Amino acid sequence: MEKSDPIIVVGAGIFGLSTALHLARRGYSVTVFDRQPYDESKYSYLHGADAASADINKIIRSAYGGQTEYQSLSTEAIAAWHEWNEELASGKTIPPGMTSKDRVFVANGNISMSEDSELPPWEQACIDGMEKAGHYDTQLATTNPRHCEVAASRGLSSYMDPFQQRSRGTKPVGVLDTTGGMAIADKACRFALHKAREAGVKFVFGPQAGCLQSLRFNGSKVTGVQTRDGKLHQAAMTILACGGWTPVLLPELDGLCEATAGSVILMKIPTNSPLWDRLGPQQFPTFTFNMRAGRKGGLYGFPRNEDGYFKVGYRGTKYTNPVRHSDGKERSTPATRWSAAERDGAQLVGERLTDFPREAYQVIHTFLDKYLPELREENIPIATTRMCWYTDTFDNHFVVDRVPGKQGLMVATGGSGHAFKYLPNIGNWVVDVMENISIDREAIQAWRWRALGNKKPINNLMEGSQGERALGNIALSKESTIKQPAKAVL
Ligand SMILES: Cc1cc2nc3c(=O)[nH]c(=O)nc-3n(C[C@H](O)[C@H](O)[C@H](O)COP(=O)(O)OP(=O)(O)OC[C@H]3O[C@@H](n4cnc5c(N)ncnc54)[C@H](O)[C@@H]3O)c2cc1C
């Protein structure tokens, strides 16, 4: 491939943005198509942006238990997040509508907590993995007196006990990853979009001109795409990075990737509430809670943002929306409040788009009542809910590879709930895969096109409309019934 040969990236979520940015940096000629008008919605979910990457915040952490390939990738990413913050602060790169006061990364730390009585092995593996890589005292265990002293000496004590358990007579059990914190997700995407444009990437946005209708073929070679406005666009390489929609667009991903939903609530803290400071990023970390505790766990949350939104998410059950597609097969298909009238004739459960899984609500509220009862005491209401769709793989590894049997086509997807943090650097790796550079690296090998075979899956995929996680088989509550002050009982 010549650098002047056109490359098409479909999808402007984090995989597409990062890939386009790094392709342009290496001198390629790139066009990104996305059916969403991101210049207008500015990647704000509250203003209609409908993608996993379009959000107010996402967790950033280095610690990955024993998975050192992702730990190293995170260390590389976090260095780049700091650089992006510096580019903003110095005025070197300021996207339209943002200022030098904006930040894309807040280093308020990420604490991984559980209800275990002692530090679980996964947390210890995080400490060990980081120490082995030379990052001493970046992981501070709440159960380790020396670590507590280190935290106190750095002014981090409130981050080590975010739910004020000690004053309530219980012991916090967890590890504060002091390298982590949160990405300000919408601003980070706008920043990456702006950088990519500055590097020469062309973006075509909108439901007609930006929407992939079909791939174009010459025999088994993909020669480009046709967009919904009927136009043909030629490419030497087409890279699909369509998040939760990728498995529907590329049925060859059956069994490897599936769209699943996390459940999110946003509460809104008034500026005059005592919780404004208490839950602000100057005191409160990003957190995960009981992540390995099955359906009753899988919780995470963030400090309130500058508009007062306090976000808590649940991934203990990853929901699916199986829809029968034109080839007769069922595939989980994202359905959100913004996508009612969508998708190529596929039937969607339109009336459920603003509904929320009762189980998710109950697990979140049981947790909040126990660990942040101040929210109930202060009558902080739920402002809105969200089903956030992403792409799970059976082993939680991404998929970055050429599509077998289809020359000129790659995928960059399968974020499995943890890819946002790699916005600054994942594209560099995607381009390495495209250029066949050092593809024996552990991460790249893990991201190859693959089949489950005899392995035991981490995520069971393709359970279809009979599966117990399918939206049609679970109890849903109308959003309006749970948007009451926290006292609402279901
Ligand atoms: C609830 C939730 C919480 C998460 N929390 C974290 C976290 O804390 N930390 C972390 O690192 N990661 C997190 N993740 C994971 C992370 O958000 C995803 O891995 C990542 O954002 C996926 O990016 P993407 O580019 O693959 O997909 P998306 O961001 O979904 O983007 C896909 C894009 O493709 C476009 N598209 C789709 N179909 C077409 C078409 N036909 N034509 C043109 N364009 C199309 C869409 O419009 C969209 O813009 C979370 C995910 C969810 C859902």
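An oxygen atom of the ligand lies 3.1 Å from a polar backbone atom of Ala52, a polar contact being a pair of N or O atoms within 3.5 Å, where within protein one atom must be able to donate a hydrogen and the other to accept it, and residues adjacent in sequence count only if both atoms are side-chain atoms. The ligand also has an oxygen atom 2.4 Å from an N or O atom in the side chain of Ser53, and a polar side-chain atom of Asp34 is found 2.6 Å from a ligand oxygen atom. Taken alone the ligand exposes 1,000 Å², of which the protein buries 98%; such accessible areas come from the Shrake-Rupley method with a 1.4 Å probe, and for residues only the protein chains shown count as cover.

The model is predicted, so that local features need pLDDT of at least 70 and side-chain atom pairs count only at pLDDT 80 or more, while totals for chains, interfaces and linings use all residues. Residues are numbered from 1 along each chain as its sequence is written, and side-chain values use heavy atoms, with hydrogens and water left out.

The ligand is surrounded by 32 residues, and the closest are Asp34, Tyr38, Ser53, Ile59 and Cys388; a residue is near a molecule if one of its heavy atoms lies within 4 Å of it. By class, this shell has 19 nonpolar, 9 polar and 4 charged residues. Helix H1 (14-25), strand E3 (58-60) and strand E21 (382-393) each supply at least two residues of the shell, helices (H or I, at least four residues) and strands (E, at least two) being DSSP runs numbered from the N terminus. Because domain 1 (6-62 + 185-255 + 395-446) and domain 3 (259-393 + 463-482) both give residues to the shell, the ligand lies between them; the domain bounds come from an automatic or database domain assignment.

A search of the whole structure finds 25 aromatic pairs, in which rings of Phe, Tyr and Trp (its six-membered ring) have centres within 6.5 Å, with planes under 30 degrees apart counted as stacked, over 60 as edge-to-face and the rest as tilted. Two of these pairs are set out below.

| Aromatic pair | Centre to centre | Angle between planes | Class |
|---|---|---|---|
| Trp81 and Phe105 | 6.4 Å | 40° | tilted |
| Phe284 and Phe287 | 6.0 Å | 85° | edge-to-face |

Trp81 lies in helix H3 (residues 68-89) and Phe105 in strand E4 (residues 105-106), so their pair ties together parts that are 24 residues apart in sequence. Both Trp81 and Phe105 are buried, where buried means under 20% relative accessible area, exposed over 50%, and partly exposed in between (1.4 Å probe, protein chains only). Phe284 counts as buried at 0% relative accessibility, and Phe287 is likewise buried at 0%. One aromatic cluster is formed by Phe15, Tyr64, Tyr70, Phe398, Tyr422, Trp429 and Trp447.

Arg331, in strand E19 (residues 330-332), is buried with a relative accessible area of 3%, and its side chain makes a polar contact of 2.7 Å with the side chain of Asp254.

Two residues other than glycine have a positive phi: Ser416, at about 50°, and Ser438, near 45°.

Key
Ala, Val, Leu, Ile, Met, Phe, Trp, Tyr, Cys and Pro count as nonpolar, Asp, Glu, Lys and Arg as charged, and the others, Gly among them, as polar.
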